[in-house]
Amino acid sequence: MDDFPRTYAKEFEPIMPDSDLTEQANTAIGELAAHGFVVATGVQPSQVEQLRRMAGQDHIREYCPNDVVRFGDDLEGWMHKGRHLVGIYAVHGVQSVPERNIRDVPAYAVGMVAYGWYGPQPNQAIPEADITTAYRNSKDGGFLARLRRRESEGHFSLGIHLGEMVTGLALRDGIAPGRLSLETYASNKANRLYDAMRYHSPDDVVPQPVERLTLKEVGEVVPNPIDDEPPKVRYDAEKGHNVVRDWRLFKRYQPDVT
């Protein structure tokens, strides 16, 4: 685990295709560049405020409230755990970047619009899967993906490309596929993305009932695929926050499972 970054990145260096990555990750780099995005690893000092703003967006706080803490006052503590941050950056003022020019894109010409990471942390339900992964797309990222999508092409979004980059970089680093995992909630629509990224719940791992904090209003229904009767949001006086019943899911990277 000593090979994981624990400090700020020394420089902004976009990742080029054919960097000993998976076929899916190389494809992601090319498709992102064709829409004016590049990928780089590490926490860039120039992007910390952007990272913090994204972590505070409601759709991220709903399912990942700890990001506000991770990238707030505890950023250096979070990095010290050994975290390989992967960021997708929009290149300002361009609709596409020729692949040969990806490496030349400077830090001052980009803004982070999506982020993910991988690092040492055993899965609660799959201890042998000891490398955790995470994926977040910002509102700006979603907007720019739609804006830069061409009429002649199908669906283009940052989520699947971020997933392929995080997984591809982890595999390049020599991490065995079965060690990669993530934890999420049944009501999270991102589960469709995780399925596409080939993260699945093992047959012997069952969902765990939980009551999580939520930003939704009291009485609002929050459907999930497990409960026959969708639970409603209630106020928990002890926690001083609105909560809702949900299910914690534990998924492992299983590229051979369809």
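Let's start in strand 3 (110-120), where Gly111 is the bridge partner of Ala90. Before going on, a word on the model: it is predicted, local features need pLDDT of at least 70, side-chain atom pairs count only at pLDDT 80 or more, and totals for chains, interfaces and linings use all residues. Residues are numbered from 1 along each chain as its sequence is written, and side-chain values use heavy atoms, with hydrogens and water left out.

Now, the strands. Helices (H or I, at least four residues) and strands (E, at least two) are DSSP runs, numbered from the N terminus. Two strands pair if DSSP finds at least two bridges between them. Strand 2 (residues 84-91) pairs with strand 3 in the antiparallel sense over eight bridges. On to strand 4 (residues 131-137): seven bridges join strand 3 to strand 4, again antiparallel, and Tyr118 has Thr133 in strand 4 as its bridge partner. Strand 4 is also joined to strand 5 by two bridges, and that pair runs parallel, with Ile131 opposite Leu180. Finally, five bridges link strand 5 to strand 9 (residues 241-253) in an antiparallel arrangement, where Glu183 stands opposite Phe250.

How covered are these strands? Buried here means under 20% relative accessible area, exposed over 50%, and partly exposed in between (1.4 Å probe, protein chains only). In strand 3, ten of the eleven residues are buried, and in strand 5 (residues 180-185), five of six are.

Let me stop at His84, in strand 2. Why does His84 count as buried? Because its relative accessibility is 12%. Thr41 sits 43 residues away along the chain, yet the two C-alpha atoms are separated by 6.9 Å. Contact means heavy atoms within 4.5 Å. Beyond its neighbours within four places in sequence, His84 has contacts that include Phe4, Thr41, Trp117, Tyr118 and Asp173.

Next, helix 2 (residues 48-55), with Val48, Gln50, Leu51, Met54 and Ala55 buried. Down the helix axis, these buried residues fall within an arc of 160 degrees, so they line one face of helix 2; the arc is that of the directions from the helix axis to the C-beta atoms. Their cover includes helix 3 (58-63), helix 5 (75-80), strand 3 and helix 6 (139-148).

On a 1 Å grid over the protein atoms alone, a cavity is a set of points where a 1.4 Å probe fits but cannot get out, while a pocket is an open set with protein on both sides within 12 Å along at least five of seven lines; lining residues have an atom within 4 Å of a point. Grid points are joined across faces, edges and corners, and a volume is the space filled by probe spheres set on the points.

The largest pocket has a volume of about 880 Å³. Its lining has 31 residues, with His59, Asn137, Asn188, Lys189 and Ala190 nearest the centre. The second largest pocket holds about 730 Å³.

One last stop: the structure holds one cavity of 30 Å³ or more, and the residues lining the largest cavity include Pro5, Thr7, Val43 and Arg83.
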